[in-house]
Amino acid sequence: MRLLRAVPVPVALIAMVTLAGVVLGRVYAGSLLTVLITGAAVGSVLVSVVARRLPSWLVAPVSVLAMAGWTAWCLRLAADRADLPGGFAEVVGDAARNAIPRLLTAMIPVEPTPDTILLPVVAAWLAGLAGAEVALRAGRVLLGYLPPVLLYVGALYVVGPNAEPAIGETVALVAVAALGLAVSARAPGGDPADELTPAVRAGVRTRLAAASAAGTAVVVGLAAVLGPAVAALVDTRPVDPRRYVEPPQVETLDENPLIRISGWALNPEQQLFQVATDRPGAGGTDPAPPDPGAADAAADQETPRSGGVRIRLAVLSDYDGVTWRVGATYRNAGRILPAVDPAPHVTVETVQQEITVGELSGRLLPAVATPREVSGARVAYDPDTGTLIRPDGLSPGLRYTVTSARERPDGNLLATANTPAGDEVARVLHVADGVPEQLRRLATQLAEENGAPYARAAAIEQWLAEHYRLVADAPSGHAYPNLAFFLFGPRNGGGQRGTSEQFAASFAVLGRLAGLPTRVVVGFAAPGSGPVRAADAYAWPEVLFDGLGWVPFDPLPRPDDEPRPVEEDFRPKPEDPPPSEQPEPTLEPTSSPPPQAAPAGPGDAGGVSTPVLAAGTTGGLLLVVAVLLAVLVGMRRAQTRDRLHRGDPGRRIAGAWREVTDALRLAGQPVAVDLSATEVAEQARHALSEAVRRGAPDRAGADSGGGETVPTGAAHTAVDDLARLVNQVTFAPGTATAEQADAAAGAATAYTGALRAARPRWRRLLWSVHPGPLRWPR
């Protein structure tokens with residue numbers, strides 16, 4: 001009977017520590033961590049149970065020795081499973097130094113490696129030891145529950161918002177604790193108060209009842225005061241402790257590896273790393289672009305166009321008008337990287353490579369996109385870009401194996417594929433302030449001539465490949481002034497030539513100006529196996545398509561192609577020579593006028609007279625023109641009614657916005673495709689003010705001072721209100737109401753009416769019959 005009463009408390013302690021491991025194991029890959037913590041719980045409590053008859057000062061050293069043995073075995077098991085390089089002593093030392101930061105910066109799901117299991121295993125053992133000593137040796141069961149409960153709370157805090165609420169585990173913890181308390185509540189010898197005299201026993205029981213009542217009142221009071229606050233926290237998102245720990249960072253040189261292209265191009269023979277590629281079931285290879293150094297006669301080497309593999313080093317998504325940056329958030333990762341679902345319309349091919357680092361420096365690890373498993377090196381991973389870094393930095397001789405899932409988009413779907421929009425891709429659509437006007441004009445020209453997203457991307461690719469020269473000695477730089485000089489600078493002054501840095505950066509900027517989500521990738525066009533040299537390094541742009549993912553483009557020219565002059569295709573030639581260049585008529589002496597025929601007499605009239613024929617022809621032509629004008633007016637009004645008064649509120653607001661942009665185009669102020677609604681509204685206000693300023697004297701003379709005043713203030717307010725509604729429809733679809741759609745229609749009508757009224761009279765007459773809004777692309 002005594003044995004049965006002694007078992008529940010140790011079992012309850014073991015169960016409570018194990019439940020803490022179960023809660024923490026929800027953010028780990030596999031069940032290894034839970035098994036190791038369960039072993040720590042059983043071992044720590046059993047050591048205290050077996051050593052109960054030993055002096056208390058001797059139990060702790062014995063338990064710590066047992067903990068050291070168990071921890072060493074756990075570290076060895078985790079290191080073998082993770083296939084970590086280095087000796088056991090090196091692994092243990094690294095885990096001891098970095099256990100806490102790597103646990104809080106590791107990518108979820110966390111792989112059980114020595115540095116991510118050390119702290120949980122040691123904490124579980126110490127919690128079991130402390131709880132067992134207090135509950136079993138001192139007999140304070142409730143106080144002995146405190147270490148396991150604190151361990152459980154710590155596990156919940158570390159998990160944070162990265163897993164579902166641990167409701168079942170918490171209920172089990174409370175039930176186990178209550179069962180242990182209930183079984184151990186009464187001593188086997190009966191009630192000690194039975195041996196006291198009746199008077200003393202009554203006093204003791206009275207004091208116990210008063211203490212119980214007071215304790216119950218305190219608990220009820222705390223529940224009443226703290227209950228609502230605690231209940232309000234149930235639906236709130238837990239704090240993630242990872243936000244307080246800085247993840248692994250890249251060096252300054254790695255933050256923008258695009259600037260390394262020109263240096264590599266000037267040292268083409270530098271061996272950066274060795275690669276051995278294994279592609280099970282490979283169906284082809286990436287077409288490799290020309291070597292950035294091929295145009296330089298000193299670098300007499302050309303990257304092979306077949307049998308190569310495109311290896312990524314970095315993905316640059318952020319551009320501020322001066323520098324392209326990686327902007328990635330790297331998390332410590334284990335051997336198995338988190339899987340990312342591929343795009344729906346792609347073919348996935350597994351590529352395995354063994355890479356041995358040579359003279360490549362920094363922290364960025366080259367790998368084929370998208371890596372799934374890395375062995376031989378401790379890495380950090382950014383799932384958004386699929387790139388890797390080694391937090392300890394690269395060193396010559398470092399060897400690692402990476403297995404990647406390379407995606408091949410379905411080329412048949414590219415021509416009709418759309419590009420995504422919204423907050424999720426705002427980062428890769430952002431255009432920094434200060435765009436040179438020439439870049440904006442070129443992007444507008446290429447976008448107007450090509451409507452579909454893929455057609456726009458292909459047009460930019462073709463433009464760069466046909467008009468510019470690839471060289472190895474071009475200076476580095478991809479800020480707006482550098483790109484403007486590369487695209488439009490004089491050829492004899494160093495313009496219109498550059499490395500892949502300028503080609504990729506120009507494509508990405510022009511693409512964003514044309515409304516395409518773009519980014520720049522730095523990597524290598526490497527052979528399947530063999531050395532990868534600096535000559536193999538280059539940059540290429542990528543465009544994001546719905547259902548196809550990121551699709552790479554190759555804007556580099558072919559080595560033997562002679563670039564066409566940019567001026568022939570970009571700067572429009574005047575269709576007619578200026579008036580000063582019109583040839584003046586030559587005045588020559590005329591001969592005597594020919595004799596005129598005598599007017600026909602009445603007897604010569606055999607048909608309709610010439611005046612009647614001319615009048616009939618003129619009247620018929622005027623009638624045809626009037627009918628055509630009436631048809632155009634009717635079609636324009638029908639289009640306006642359809643835009644402003646038909647469809648759901650979102651469609652009507654979009655139609656009202658189109659009325660405003662069409663009006664700006666009719667007024668000679670077309671809207672660039674990359675402008676936001678707020679910027680368009682500012683352009684609309686400026687256009688109206690300028691039109692009123694220019695047209696005021698003419699109307700004053702025509703109306704003799706009594707003409708109608710154009711309500712510019714109301715029109716400005718109307719277009720601002722409409723821009724806000726457009727932003728609401730764009731970023732919060734489905735939230736617009738019918739009243740807001742009516743307000744949008746009124747705002748569009750007010751602005752277009754004010755802008756039309758500010759135009760000269762003859763332009764106002766042509767406004768309603770202009771066929772442009774009927775054929776301009778939507």
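A crossing of two helices is called right-handed if the near helix is turned clockwise from the far one by less than a right angle, and left-handed if it is turned anticlockwise. In this predicted model, the crossing of H13 and H16 is right-handed, and H14 likewise passes H16 in a right-handed crossing. The protein contains 24 helices and 17 strands, and 43% of its 778 residues are buried. Of the contacts between residues at least 6 apart in sequence, 78% join residues that are at least 24 apart.

**Helix packing around H16**

- Two packed helices are described by the angle between their axes and the distance between those axes.
- The axes of helix H13, which covers residues 437–448, and helix H16, which covers residues 500–513, come within 9 Å and cross at roughly 70 degrees; because angles of 65 to 115 degrees count as roughly perpendicular, H13 and H16 are described as roughly perpendicular to each other.
- On the H13 side this contact is made by Leu439, Arg440, Leu442 and Ala443, and on the H16 side by Val509, Leu510 and Leu513; by class, the residues of the contact divide into six nonpolar, no polar and one charged.
- Helix H14, spanning residues 453–467, packs with H16 at an angle of about 145 degrees, and the axes of the two helices are 10 Å apart.
- In the contact of H14 with H16, Ala457, Ile460, Glu461 and Leu464 of H14 meet Phe503, Ser506, Phe507, Leu510 and Gly511 of H16, and the residues involved divide into six nonpolar, two polar and one charged.
- Leu510 of H16 is named in the contact with H13 and is named again in the contact with H14.

**Tyrosine 468 and glutamine 496**

- Tyrosine 468 lies in the loop between H14 and strand E12, the latter formed by residues 469–470, and with a relative accessible area of 1% tyrosine 468 is buried, because the cut-off for that class is under 20%.
- Leaving out residues up to four places away in sequence, tyrosine 468 touches Trp463, Phe486, Leu487, Gln496, Phe503, Pro557, Pro563 and Val566.
- Two polar contacts involve the side chain of tyrosine 468: one is with the side chain of tryptophan 463, at 3.3 Å, while in the other a polar atom of the tyrosine 468 side chain lies 3.0 Å from the backbone oxygen of leucine 487.
- The C-alpha atoms of tyrosine 468 and arginine 491 are separated by 9.4 Å, the two residues being 23 residues apart along the chain.
- Glutamine 496, one of the residues that tyrosine 468 touches, is placed in the loop between helix H15 (480–488) and strand E13 (497–498).
- Although glutamine 496 is not a glycine, its phi is positive, at about 60 degrees, and with a relative accessible area of 3% glutamine 496 is buried.

**Cis peptide bonds**

- The peptide bond from isoleucine 108 to proline 109 is cis, with omega near 5 degrees, and proline 109 is found in the loop that lies between helix H5 (88–105) and helix H6 (114–137).
- A cis peptide bond also runs from alanine 369 to threonine 370, where omega is near -5 degrees; threonine 370 belongs to the loop between strand E7 (364–365) and strand E8 (371–375).

- Glutamine 683 is part of helix H20, which runs over residues 677–703, and counts as buried at 17% relative accessibility.
- A polar atom of the glutamine 683 side chain lies 3.2 Å from the backbone oxygen of proline 670, and, with residues up to four places away in sequence not counted, glutamine 683 touches Gln669, Pro670, Val671 and Leu675.
- Valine 729 has its place in helix H21, residues 712–731, and is partly exposed, with a relative accessible area of 22%.
- Apart from its neighbours within four places in sequence, valine 729 is in contact with Gly650, Ile653 and Ala736; the C-alpha atoms of valine 729 and proline 649, which are 80 residues apart along the chain, are separated by 8.9 Å.
- Glycine 753 is found in helix H22, residues 738–757, and counts as partly exposed at 38% relative accessibility.
- Between the C-alpha atoms of glycine 753 and alanine 715, residues that are 38 apart along the chain, the separation is 8.7 Å.

Terms used:
Residues numbered from 1 in each chain as written. Heavy atoms only, no water. Helix = DSSP H or I, 4+ residues; strand = E, 2+ residues; numbered from the N terminus. Buried < 20%, exposed > 50% of the residue type's maximum accessible area, 1.4 Å probe, protein only. Polar contact = N/O pair within 3.5 Å; in protein donor to acceptor, adjacent residues only side chain to side chain. Contact = heavy atoms within 4.5 Å. Axes fitted to C-alpha atoms, helices over the stretch in contact; angles between N-to-C directions. Parallel < 35°, antiparallel > 145°, perpendicular 65-115°, else oblique. Nonpolar A, V, L, I, M, F, W, Y, C, P; charged D, E, K, R; others polar.
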